[in-house]
Amino acid sequence: MQISLGPASQKTTASHIFGYFGLILGAFLAAFAIEVFLLPNNIIDGGIVGIAMIGGQLFGKKYFPYFFIILNMPFLFLAYKHIGKVFVMHMFLAFLLFSGSLVFMHVFFPNSGFSGDKIEVVVIGGSILGIGLGMIIRYGGCLDGTEILGIIINKKLGFTVGQVVLICNIFVFSLAGLVFPNWHTPILSLITYIVVIKIMDAVIVGLDETKSVLIISSKSKAIAEAIMHELGLGLTIMYGRGGFSGDEREIIYVIAERLQLAELKEIIHREDPSAFIAIENIHEVASGQQQKPGKKKTRIQDLIVRVLGTGSGNQ
């Protein structure tokens, strides 16, 4: 009997393996940043992680992983009730990996604290923590229960997730100011949190900025043909009408990478120097179509597919 592993199965298995690898690496990096940079220098993160870190500062840093798990358990239940089982499984796995990495660091590297300048602690520690948290979120996990609270409140009351998380973090950093001897710690923690958010967004969204471009021109046909033939970009043509003039115009909608913008604008202005161009940042582009051969994959994903893609065998 002949058994073959099809491309769809290979892709699914490789994606799962790559996702779990991302969760493991992200959890370890987050734990490394907290154990080596933040906790030894009395700097906390926001959200439930920050409250657990305050508890660790008060009762002993070795208890931080236990505070973290206990404080997040109610949010795990809320996520199960209001969001879904798959998300809870990834969230719980992220909790275990993060807590296990913390215990591993504390047991095997008890004196690994970084004692450099505060600016080094804030920038390096915040960057590593942002990379770790970004990888966890990118691959379906979550470490902070306040985000779960934000999703639920958004559904019930209409407040955005960002607003809820911001209010929770104001409470956390204010609590840190009352617990620690001075307000130097919460101020440094706030700066670190800003670094974490910026790096985390870059990891989640990706460094390749994708742009959406709207082009309004009387020479839309010539511009569209030049874009498709010279840049190889797909586009959509919509129909609109001027608000003042009432003239009907074709509107070209194009999605391009940041590095293609200069050439794209050059083509547009070459065909019509008076063309109107509007450019916006977009975070993600998704399509319901399956990935075509020749699309870009990461080297790790390609390697996993090659290892798993053993072709066919005879039994």
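**View 1. Asn-41 and its contacts.** Asn-41 touches Val-36, Phe-114, Lys-118 and Val-121, leaving aside residues up to four places away in sequence; contact means heavy atoms within 4.5 Å. The model is predicted: local features need pLDDT of at least 70, side-chain atom pairs count only at pLDDT 80 or more, and totals for chains, interfaces and linings use all residues. Residues are numbered from 1 along each chain as its sequence is written, and side-chain values use heavy atoms, without hydrogens and water. Asn-41 sits in the loop between helix H1 (7–38) and H2. Helices are DSSP runs (H or I, at least four residues), numbered from the N terminus. Asn-41 is buried, at 11% relative accessible area. Buried means under 20%, exposed over 50%, partly exposed in between (1.4 Å probe, protein chains only).

**View 2. A nonpolar surface patch.** The patch covers about 1100 Å² and includes Phe-28, Leu-58, Tyr-63 and Ile-70. Patch residues have over 30% relative accessible area and no salt bridge, with nonpolar side chains joined within 5 Å. A salt bridge is a side-chain nitrogen of Lys or Arg within 4 Å of a carboxyl oxygen of Asp or Glu. Helices H2 (47–59), H3 (64–82) and H4 (85–108) each supply at least two patch residues. H4 gives the most, with four.

**View 3. Val-103 in the patch.** Val-103 lies in helix H4 and belongs to the nonpolar patch. Val-103 counts as partly exposed because its relative accessibility is 33%.

**View 4. Helix H7.** H7 (residues 161–179) has 19 residues and reaches 27 Å from first C-alpha to last. Its buried residues include Val-164, Cys-168, Val-172 and Ala-176.

Terms used:
Patches are made of residues with over 30% relative accessible area and no salt bridge: like charges are joined within 9 Å, nonpolar side chains (Val, Leu, Ile, Met, Phe, Trp, Tyr) within 5 Å. Accessible areas come from the Shrake-Rupley method with a 1.4 Å probe; for residues, only the protein chains shown count as cover. The expected span of a helix is 1.5 Å times one less than its number of residues.
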